[in-house]
Amino acid sequence: MVSMVNRLSTEQRARVIGCLVEGNSIRSTVRMTGAAKNTITKLLVDLGAACSAYQDSAMRNLRCERLQVDEIWGFVGCKQRNVRPDHDVDYGDVWTFVAIDADTKLVPSWLVGQRNADDAYLMLGDLRDRLANRVQLTTDGHRMYYSAVPGTFSGDIDYAMLIKQYGATPEGPTTRYSPAPCTGIKVKKVIGAPDPAHIATSYIERQNLTIRMGMRRFTRLTNAFSKKAENLAAAVSLHFMYYNFGRPHQTLTKAADGVRTTPAMAAGVADHVWTLAEIAGLLNSN
């Protein structure tokens with residue numbers, strides 16, 4: 001039986017991908033492209049796996065120097081407080097670990113899982129295996145990193161925590177959705193000799209915003225969410241394929257000709273800006 005995804009031409013796939021990576025939901029992509037909902041969902045899942053496999057092989061022996069790691073919250077099916085005994089085992093809160101290179105803006109590693117030491121260990125172990133040299137790493141002050149970083153890098157890293165301190169959460173109708181104000185920052189050197197000038201989490205926090213803008217299922221205060229953990233993981237994989245290889249970064253500009261490059265080009269793992277058709281073509285090579 002011919003797959004529904006195979007009925008779409010490469011051009012049609014590229015249109016669907018363009019909608020998905022620019023923050024549109026599955027249903028809005030249906031309206032804009034005319035493709036069926038199930039066809040788009042299957043394309044997302046299949047292409048997400050292909051993107052993950054390609055990036056896994058391409059992003060090796062990276063010469064990163066300064067990395068930042070953080071986690072971003074989301075949920076599958078419903079929020080954790082609303083999970084019922086009859087719900088699927090994947091329902092509830094989900095955390096996506098993300099690492100970013102402060103210089104090239106490349107995202108070399110990520111993991112969709114839970115915010116605990118086991119998944120932190122898996123993510124950091126994957127990150128370590130992609131690096132060609134010693135790096136400086138900054139995370140927030142979550143206690144899971146106290147065991148996960150030494151457990152994966154041992155002493156071969158310069159590691160610091162940047163711990164933000166917050167005041168009371170604003171109250172009242174005009175500040176209902178406002179975050180608590182940051183009242184101070186504490187820097188804690190944990191392993192090695194991290195350079196104080198590069199102890200920061202600003203790039204990874206900005207990446208969190210890019211994630212929420214680029215994937216509809218991460219947008220806050222909407223009815224958009226993933227109904228399956230597999231779909232969420234596929235969306236994350238496609239997002240980072242486009243972010244790393246297909247989206248020129250505003251801060252990565254060649255001085256000679258003023259042309260913007262992608263994080264993958266800046267990191268030396270790509271020699272051109274990938275088109276959406278090329279990303280769609282990964283399905284044929286997988």
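A residue counts as buried when its relative accessible area is under 20%. By that criterion C64, at 2%, is buried in this predicted model.

**Cysteines**
- The structure contains zero disulfides.
- C19 takes part in no disulfide, and its nearest cysteine sulfur, that of C51, is 16 Å away.
- C19 is buried, its relative accessible area being 11%.
- For C64, the closest cysteine sulfur is also in C51, at 20 Å, which is too far for a bond.

**Packing of α4 and α5**
- Helix α4 (residues 117-129) and helix α5 (residues 144-153) have axes that come within 9 Å and cross at roughly 35°.
- The crossing of these two helices is right-handed.
- On the α4 side, the contact is made by A117, A120, Y121, L124, G125, L127 and R128.
- On the α5 side, M144, Y145, S147, A148, V149, G151, T152 and F153 make the contact.
- The contact residues of the pair comprise ten nonpolar, four polar and one charged.

- S154, which is not a glycine, has a positive phi near 55°.
- S154 belongs to the loop between α5 and β5 (158-166), and its relative accessibility of 48% makes it partly exposed.
- L221 likewise has a positive phi, of about 55°, although it is not a glycine.
- L221 sits in the loop between α6 (202-214) and α7 (229-246), and is exposed at a relative accessible area of 66%.

Terms used. Residues numbered from 1 in each chain as written. Predicted model: local features only at pLDDT ≥ 70, side-chain atom pairs only at ≥ 80, totals over all residues. Heavy atoms only, no water. Axes fitted to C-alpha atoms, helices over the stretch in contact; angles between N-to-C directions. Helix = DSSP H or I, 4+ residues; strand = E, 2+ residues; numbered from the N terminus. Left-handed = near helix turned anticlockwise from the far one by under 90°. Contact = heavy atoms within 4.5 Å. Nonpolar A, V, L, I, M, F, W, Y, C, P; charged D, E, K, R; others polar. Disulfide = S-S within 2.5 Å. Buried < 20%, exposed > 50% of the residue type's maximum accessible area, 1.4 Å probe, protein only.
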